[in-house]
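A short briefing follows the display.

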Amino acid sequence: MTATFDNLSAGDVIDGPKFAVTRESIRLFCDASLDYNPLHLDDDYMKGNFGKTNFGGIIMHGMNNFGLISRMITDWACPVGAVHRRLETRWVKPVRPGDTIQPTGIIKAKQTTEKSRWVLIDVVVKNQLAEKVATGEALVEFPRDLFCQ
């Protein structure tokens, strides 16, 4: 069923794509973002204490989670003319090479205003062990004058 504002209900689920995290994918994200923090590239550096945390090895860039969540939202919203307006996330657990992560969205609320229609979505990213690695909230607008329908 195609998602339209009218047929959405609180509790509806949006499944995002699975993403297999590799050293190569982490490196590619570093190259794309120009963020060469040793946190993402240097296992020896990460064997020590990073701040007050010992990750025991490199971890994926948190913004990579953000990108995966954004892809889930835009793959779901854009084909029906909706627009991804806001995303707030919090990193809960580090993601390491060898992990497979997947975002999920759950419709939390719908609201109609004079100018538009809005959907609030709880988002969570889990790893292959069903552990939460990121949580957040997204806001999607379903404009009254949908430009894609």
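This is a predicted model: local features need pLDDT of at least 70, side-chain atom pairs count only at pLDDT 80 or more; totals for chains, interfaces and linings use all residues.

Residues are numbered from 1 along each chain as its sequence is written, and side-chain values use heavy atoms, with hydrogens and water left out.

**Salt bridges**
- The count is 9 salt bridges, each a side-chain nitrogen of Lys or Arg within 4 Å of a carboxyl oxygen of Asp or Glu.
- Arg-23 and Asp-43 pair at 2.6 Å, N to O.
- This pair joins distant parts of the chain, with Arg-23 in helix H1 and Asp-43 in helix H2, 20 residues apart; helices (H or I, at least four residues) and strands (E, at least two) are DSSP runs, numbered from the N terminus.
- Arg-71 and Asp-75 pair with their closest N and O atoms 3.4 Å apart, and both lie in helix H3 (residues 62-77), 4 residues apart, about one turn of the helix.
- Glu-131 pairs with Lys-93, the closest N and O atoms being 4.0 Å apart.
- Glu-131 sits in the loop between strands E5 (116-126) and E6 (132-143) and Lys-93 in the loop between strands E3 (83-91) and E4 (100-112), so the pair ties together parts 38 residues apart in sequence.
- Shared partners join Arg-86, Glu-88, Lys-108, Asp-122 and Glu-137 into one salt-bridge network.

**Largest pocket**
- Its volume is about 180 Å³, taken as the space filled by probe spheres set on the grid points, which are joined across faces, edges and corners.
- A pocket is an open set of points on a 1 Å grid over the protein atoms alone, where a 1.4 Å probe fits, with protein on both sides within 12 Å along at least five of seven lines; lining residues have an atom within 4 Å of a point.
- Of the 14 lining residues, Ile-59, Met-60, Gly-62, Trp-91 and Pro-94 are the closest to the centre of the largest pocket.
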